[in-house]
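Subject: The structure you asked for

Hi,

Have a look at it first, then read on.

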Amino acid sequence: MDQDRPKTTDLFVIGGGINGCGIARDAAGRGLTVTLAEMNDLASATSSASTKLFHGGLRYLEYFEFRLVREALIERETLLRAMPHISWPMRFVLPYHRDMRFDSETPTSRLLGLFMPWMKGRRPAWLIRLGLFLYDTLGGRQILPGTARLDLRTAAEGAPLQDHFEKAYEYSDCWVEDSRLVVLNARDAEAHGAKILTRTAVLSAERAGELWRIETEDRETGARQTHSARMLVNAGGPWVGDILQSKVRVNTREGVRLVRGSHIVTRRLYDHDKCYFFQGTDGRIIFAIPYETDFTLIGTTDAEHADPAQTPECTPAERQYLLDFANTYFRQRLSDADIVWTYSGVRPLYDDGASSATAATRDYTLKVDKAGGAPLLNVFGGKITTYRRLAESALEKIGAELPGVIGPWTAGVPLPGGDFPVEGFEALVDDLTARFPFLTPFHARRLCRAYGTEAAQVPGQARCAEDMGRDFGATLTEAEVRWLMDKEFARTAEDVVWRRNKLGLRMDADQIAALDAWMADRPSRARAAE
Ligand SMILES: Cc1cc2nc3c(=O)[nH]c(=O)nc-3n(C[C@H](O)[C@H](O)[C@H](O)COP(=O)(O)OP(=O)(O)OC[C@H]3O[C@@H](n4cnc5c(N)ncnc54)[C@H](O)[C@@H]3O)c2cc1C
């Protein structure tokens, strides 16, 4: 019977990471009907485990990845303007010393080996200056300041470092709260009419002539549902190959290379608000970044990861590698006891045949498969920084299959809560504090960082702290958890304290368990809608 047939949408997106949600938002804003299915929580895989930088990727210049670097550099400021609550400019301090080495596989190191063999793989200072000059000029900066030199013997940035680091260069990139970026894209997609299904796994997708028939399973209730769509988008990140092989069952030679990256978090190691860009003698680089006010984030590693189903974890060897690396720079000697948290993610890199994980391209590749009917778009690789541009490129390909799709619209359009000027953050905090004087400075800043111009909706009508309901710890109140469950698709304590915010760093296991129990008792919006 006709009423039993699923309604056909234009697009069905598999995967609620940054690429799936970015494509869903862009497509819905162009008037397409969209359904997105994410098998766990939004951003539960790679998109919450990044280094959280909107960056051009200084090191990719050595691989001659000029297209990627230029696109990403230009994109930084577009993104910053659209979300000045969850993204902000950062200065990076790059200490210079003679023993820094290239990854031996970079085209630059091969060229230098040919013309300056006596350097024996070391990076000369002039090359770093050239790289920074390109970094400053390739991307047409308007907001971010350019490169400067620092004398580490006198500058405050030299104080946490060992004495033999005497000079440094300083350049700009931006920070971004990666998992919040995903949720804000999902919210905006929904505001434009998209249907966002979380905890919903795609079991199979098959072509039925001009349409796709997609079978999903609700991972909480086990309920199965059939969907119909004109085009399918495979934005499964590390699972992109698995989806092709076992869910869509298409024959393809396209592959994804899984490269794990881990980070360690320590208590705050230094007093200023800049990051360090440390170069190692193994040709790799790591960052040390001020994190969540009271912490320092150090990462990352590059390790082959065999299977997407295997949850990535920071191994003892990766912990030690990051500690040893940081210990070649910091005056304070770090040990395993200093690590308060670790996290790991798997980069779904397009398999370009590079021999080392570090050398594999970070650029994205979009492939349309039309074998036998309805079109399928596969997303390989990509960076958080290029997600909006990736979505625009995806929509170009989608538009070729679904005629009538209107042009790009997302550049210059703020994400929810981001409709205020880049330099307007402090005014936002002042305003919130004036309206709700019972909020502590930490609490008010945290709400503004998370929710931007929507922050006042969390306390709402509250006239005192008690009006915000139960305090679960670390300023997380019942009013905020209700907001997260009703508007931001949160279902469990883990969704809240590790992805909607990072209060897991400040709450103890009992507090998190109490939050979980409270959330389990309260119907989520998905369950309320059933
Ligand atoms: C260590 C590390 C550091 C990084 N640092 C940076 C950085 O600083 N800056 C930057 O720009 N980029 C960075 N990146 C890259 C960036 O994080 C990734 O490119 C990006 O997050 C990939 O997003 P995605 O949406 O493709 O994948 P994911 O976020 O993994 O999303 C894919 C989703 O698909 C879902 N899924 C899979 N199969 C199914 C199914 N059958 N049904 C339903 N759902 C399914 C998964 O659950 C998952 O949530 C970093 C990556 C790593 C690993």
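Let me start with helix H1, which is largely enclosed by the rest of the structure, because eleven of its twelve residues are buried. Keep in mind throughout that this is a predicted model. The buried residues of H1 run through Ile 18, Asn 19, Gly 20, Cys 21, Gly 22, Ile 23, Ala 24, Arg 25, Asp 26, Ala 27 and Ala 28. As for its geometry, H1 covers residues 18-29, and its end C-alpha atoms are 16 Å apart, which agrees with the 16 Å that twelve residues should span at 1.5 Å a residue.

Asp 26 has a charged partner: it forms a salt bridge with Arg 30, with 2.7 Å between the closest N and O atoms. Both Asp 26 and Arg 30 are buried.

That brings me to salt bridges in general. How many does a search of the whole structure find? The search turns up 40.

One is between the side chains of Arg 389 and Glu 71, at 3.6 Å from N to O. This pair links distant parts of the chain, with Arg 389 in helix H8 (residues 387-401) and Glu 71 in helix H2 (residues 66-82), 318 residues apart. Arg 389 is partly exposed, with a relative accessible area of 27%, while Glu 71 counts as buried at 11%. Both residues also belong to a network of salt bridges that links Arg 67, Glu 71, Glu 75, Asp 363, Arg 388, Arg 389 and Glu 392.

The other joins Asp 163 and Arg 331, whose side chains meet at 3.0 Å, N to O. Here both partners sit in loops: Asp 163 between strands S5 (148-151) and S6 (167-176), and Arg 331 between helix H7 (316-327) and strand S16 (339-350), so the pair ties together parts that are 168 residues apart in sequence. Asp 163 counts as exposed, at 58% relative accessibility, and Arg 331 as partly exposed, at 47%.

Now for helix H13, residues 509-521. Its 13 residues reach 19 Å from the first C-alpha to the last, close to the 18 Å expected at 1.5 Å a residue. Which residues of H13 are buried? They are Leu 515, Trp 518 and Met 519. Down the axis of H13, the buried residues fall within an arc of 95°, so they line one face of the helix. The general rule behind this kind of pattern is that an α-helix has 3.6 residues a turn, so residues three or four places apart point the same way. On the face of H13 turned away from the buried side you will find the exposed residues Ala 509, Asp 510 and Asp 521. At the start of H13, a side-chain oxygen of Asp 508 comes to within 3.1 Å of the backbone nitrogen of Asp 510.

Trp 126, Leu 130 and Phe 133 form a nonpolar patch on the surface, and together they have about 320 Å² of accessible area. Trp 126 lies in helix H4 (residues 125-138) and is partly exposed, with a relative accessible area of 40%.

Then there is Asp 273, in the loop between strand S11 (256-267) and strand S12 (275-279). Asp 273 counts as exposed at 59% relative accessibility, and its C-alpha is separated by 8.2 Å from that of Ile 289, 16 residues away along the chain.

Cheers

Terms used: Residues numbered from 1 in each chain as written. Predicted model: local features only at pLDDT ≥ 70, side-chain atom pairs only at ≥ 80, totals over all residues. Heavy atoms only, no water. Helix = DSSP H or I, 4+ residues; strand = E, 2+ residues; numbered from the N terminus. Expected span 1.5 Å × (residues − 1). Buried < 20%, exposed > 50% of the residue type's maximum accessible area, 1.4 Å probe, protein only. Arc of directions from axis to C-beta. Polar contact = N/O pair within 3.5 Å; in protein donor to acceptor, adjacent residues only side chain to side chain. Patch = residues over 30% accessible without salt bridge, like charges linked within 9 Å, V, L, I, M, F, W, Y side chains within 5 Å. Areas by Shrake-Rupley, 256 points an atom, 1.4 Å probe, with all protein chains shown as cover. Salt bridge = Lys/Arg side-chain N within 4 Å of Asp/Glu carboxyl O.
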